[in-house]
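Please look over the sequence and the model shown here before reading on.

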Amino acid sequence: MAKTMAPQKATGPALDPGLVRKLLTDMLLIRRFEEKAAEAYALGKIGGFLHLYIGQEAVAVGATSALRPDDYVISAYREHGHCLAKGSDPKRMMAELFGRRDGLSHGKGGSMHLFDKSVNFLGGHAIVGAHLPVAAGVAFAIKYEARDQVIVCYFGDGAVPQGEFHESLNLAALWKLPVIYLCENNRYAMGTSTDRALAQTQIWKFGQTYGIPSEKVDGMDVFAVRDVVGRAVERARRDTTPSLIEADTYRFRGHSMRDPAGAVYRTKEEVEHEKERDPIALLRQRALAGGALTEADVRAIEKDVSDRIDEAVAFADASPEPPAEGLFTDIYKEG
Amino acid sequence: MAVMTYREALNQALREEMRRDPRVFVIGEEVGLYDGAYKVTQGLLKEFGAKRVVDTPICESGFTGVGIGAAMLGLRPVVEMMTFNFSLMAMDQIVNTAAKLHYMSGGQFSVPLVIRGPGGPAAQLAAQHSQSMETYYYHVPGLKVVRPTTPMDAKGLLKSAIRDDNPVIFIESETLYHLKGEVPDDPDFLIPLGQAIVRREGTDVTVVAYMGMMYRALEAAEELAKEGISVELVDPRTLRPMDTETIIGSVRKTHRVVVVEAGAGFAGMGSEIAAFITEQAFDDLDAPVERVTGANAPMPYARNLEKLKTPTTEKILAAVRRVCNANGS
């Protein structure tokens, strides 16, 4: 139950250029997707609630890089990054945010309810804490059928005081289920800081209470996340051991687009200070310093990502509204 | 046909479906080692083992969520609520997750889940353990809600519920578990969800009732027959989706309706039935639809007050007589 806090320095072992390219591409893809989503929201093309993942990209990308494609992922309502990292198509995701026919759920889910069965992405759940028992159930089914997959369940620090967090950890530990509970501690549940919400702010320690391996990790360091999640995945796959991981991260934007600056409950200085830990900037620096990528490589990746997101927006724009009969389809599964 | 209790019929349904399909498992409080708080799961642990008869700690939200997650991956969980009153602890899982996953995912995921256990008024169990829980669930698109009145229905409907690809709320009754009746032995005997049944044919008035209220309505019908009033009894069996066609068909024949429900009347099942009858068959009515409902009060403990709270045979008799005299016939 080691605490993995120290970020690895550029002086560490040589980086695998292929891996670095993949991680940087995926993190940039999330960042650009979110930036475009914010623009589209301002233009009224996206409605309702929109919760951006900007600042937290290293968690989704680092964790997913430790998974097999057939492993499962489930998340809360700040889930665009997790869905993209799992390999979902940005075009269909953007179309879903736009409420269009070609969205992942044909426009019936929206930003908070992305689902993509083709990449084993199990949603998009917007009642805080409610998907944690569901993740335990997925792990239960994996074990029931003696398969060797695992599930990563992302949630925020806001879910920790909920009863379902504790019910889920208890069941996962009691029944030894192959689930990795990955708490993205971005320090604020909407506007409530962890020290105003939790008697125990070291969230990883709750894992010790339930007797499961638990660690804290620098959530701005994609390699550290990959490393910690990788070990948790290995334990889960080997003998269905559950884990709790607390990733220390930060959201650079507000809670949602209705809280654009996030300025009431935290200072501008704090936000600016945290932006010095920007996980994408850190990875870029490290990749260049270690020689894994050249400036030209990075520019090419940025161009490619930017093109793919522009394509996603164009696709979403071009997709028609869902047909009226969609209102009454998929309420019940027929046959 | 064998004669067995309602409890045994449910047990047989579970046993047959577990034998038929290895994806079916039972999960809940005291379902295994204890053999079920009401013995509905008696002997299942012995036959199927702890992998498929899963005892849980007391955490309704937690183990209902486990059922949903397992169902998303294609298993067919049967979640037992020791009593349905406890399902309120899991209401978010049921209403916000189980009922909506298929819709929110645009049909990508489904939740073939049964949540079953006893509910409705029982004997002196007081306010928190004696109430009609179906009212909280039949409002929700995405759920199916079943209330089986007889041992035969208990078996045939539970088997259909387990084979259904959607979340089904299946509410039994403590007061009916000991009731005996004929039950087919055929392991493929099914009663489709969404089909009402006419329990007694009649010509003068339609009485709609289910569960314990159906038995009181039957008593009333016998009594009324002596007065020359011919009562047709319709049991919806499934409350959502409701077989409105059978009920409307009966109304077109009798032109008078009394709906009986154990729960408090306000925004209850009777309100909904009265509404669709008014919408679809207003011209066929010779009298306003009458409701006989539980009083608009929590369930009291004291025996005399409990009786006042609950629809009795006398109250049903009075309502039918009122309806039949309404236009002076």
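This is a predicted model: local features need pLDDT of at least 70, side-chain atom pairs count only at pLDDT 80 or more; totals for chains, interfaces and linings use all residues.

Residues are numbered from 1 along each chain as its sequence is written, chains are lettered from A and ligands numbered from 1 in the order in which they are written, and side-chain values use heavy atoms, with hydrogens and water left out.

**Chain A as a whole**

- Chain A has 12 helices and eight strands, where helices (H or I, at least four residues) and strands (E, at least two) are DSSP runs numbered from the N terminus.
- The radius of gyration of chain A is 19 Å, which agrees with the value near 20 Å that a compact globule of 335 residues would have; the radius is taken over C-alpha atoms, and the globule rule is 2.2 Å times the number of residues to the power 0.38.
- Taken along the principal axes, the C-alpha atoms of chain A fill a box of roughly 55 × 50 × 40 Å.
- Of the 335 residues in chain A, 57% count as buried, a term that means under 20% relative accessible area, with exposed meaning over 50% and partly exposed in between (1.4 Å probe, protein chains only).
- When contacts (heavy atoms within 4.5 Å) between residues at least 6 apart in the sequence of chain A are considered, 75% join residues at least 24 apart.
- Chain A carries 42 positive and 47 negative side chains, with the centres of the two sets 2 Å apart; Lys and Arg count as positive and Asp and Glu as negative, while His and the chain ends are not counted, and the place of a charge is taken as NZ of Lys, CZ of Arg, CG of Asp or CD of Glu.

**Chain B as a whole**

- Chain B has 13 helices and 14 strands, and its radius of gyration of 20 Å is close to the 20 Å that the globule rule gives for 329 residues, so chain B is as compact as a globular protein of that length.
- The C-alpha trace of chain B spans about 65 × 45 × 40 Å along its principal axes, and 60% of its 329 residues count as buried.
- Among contacts in chain B between residues at least 6 apart in sequence, those joining residues at least 24 apart make up 82%.
- Chain B exposes about 12,100 Å², of which carbon and sulfur atoms supply 54%.
- The charged side chains of chain B comprise 34 positive and 41 negative ones, and the centres of these two sets lie 3 Å apart.

**Buried residues in chain A**

- A:His82 lies in helix α3 (residues 80–85) and is buried, with a relative accessible area of 2%.
- The side chains of A:His82 and A:Ser75 are joined by a polar contact of 2.8 Å; such a contact is a pair of N or O atoms within 3.5 Å, where within protein one must be able to donate a hydrogen and the other to accept it, and residues adjacent in sequence count only if both atoms are side-chain atoms.
- Leaving aside neighbours within four places in sequence, A:His82 has contacts that include A:Tyr53, A:Phe121, A:Tyr154 and A:Glu184.
- A:Thr241 is in the loop between α9 (222–239) and β8 (243–248), counts as buried at 12% relative accessibility, and makes a side-chain polar contact of 2.7 Å with the side chain of A:Asp239.

**A helix residue in chain B**

- B:Ile248, in helix α10 (residues 244–254), counts as buried at 5% relative accessibility.
- B:Ile248 and B:Phe276 are 28 residues apart in sequence and 8.6 Å apart in space, C-alpha to C-alpha.

**Backbone features in chain B**

- Most residues other than glycine have a negative phi, and most peptide bonds are trans.
- The peptide bond from B:Arg240 to B:Pro241 is cis, with omega near -5°, and B:Pro241 is placed in the loop between β12 (238–240) and α10.
- B:Lys39, although not a glycine, has a positive phi of about 65°; B:Lys39 is in the loop between β2 (24–28) and α2 (44–48) and counts as partly exposed at 29% relative accessibility.
- B:Arg237, also not a glycine, has a positive phi of about 65°, and B:Arg237 counts as buried at 6% relative accessibility.

Terms used. Accessible areas come from the Shrake-Rupley method with a 1.4 Å probe; for residues, only the protein chains shown count as cover.
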